[in-house]
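Notebook open, structure loaded. I'm jotting things down as I look them up.

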Amino acid sequence: MENGLYDTMQSGMLTVGLMALVPIVCGCILAIMLVWLISRHRMNAANRRHQLVLAAMEKNPDMDIEEFLKKVTPKQKMLKERQLTKLQWGSVSSLVGLVFIGYGAYLGYVGGYDADDPVVATVFGAIILAVGIAFLINYFVGKKMLAKEMEAEERQQTQQA
């Protein structure tokens, strides 16, 4: 009888061990696949650009390659646009985090729910709030550090227009 209980406990521990191992393995595989897909996309874009330059050089060998590449490559976002995107994400994330914290406090105040519900909502809200605050700090520090570059970029835009 003791041996049967021991076997049942062993199989239960094995199941719990597998249940803990599956998400870890899936997370690692997902991260590896993501890095592989991003690097593959970048290599394909570089290969397409290379083939395009070769085809253009075959048709017109006297052309300026640097100017052609400037026309072909997509324009990067301006510094000001990137900073404003950080401000937007920081504001939205902070607001959503505060809403979840408020919801967790409400669940704790009202009661009648599972004891973990207010804690989960509050922790989730705190994490999102921390991300939002990080975006806002990044925005304000970046704005201060990149002030000269953004002014130069604006002057260059007005001269081109």
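Helices here are DSSP runs of H or I with at least four residues, strands are E runs of at least two, and numbering goes from the N terminus. This is a predicted model, where local features need pLDDT of at least 70, side-chain atom pairs count only at pLDDT 80 or more, and totals for chains, interfaces and linings use all residues. Residues are numbered from 1 along each chain as its sequence is written, and side-chain values use heavy atoms, with hydrogens and water left out.

Next entry: Gln83. I find Gln83 in helix 3, residues 79-110. Gln83 counts as buried because its relative accessibility is 4%. Which residues does Gln83 touch, leaving out those up to four places away in sequence? I noted Asn138, Tyr139, Gly142, Lys143, Leu146 and Met150 (contact means heavy atoms within 4.5 Å). For Tyr139, I also have its backbone oxygen 3.1 Å from a polar atom of the Gln83 side chain.

Then the whole chain. I get five helices and zero strands, in the order α-α-α-α-α along the sequence. Of the 161 residues, 13% count as buried. Among contacts with a separation of 6 or more, 63% come from residues 24 or more positions apart.

Terms used:
Buried means under 20% relative accessible area, exposed over 50%, partly exposed in between (1.4 Å probe, protein chains only). A polar contact is a pair of N or O atoms within 3.5 Å; within protein, one must be able to donate a hydrogen and the other to accept it, and residues adjacent in sequence count only if both atoms are side-chain atoms.
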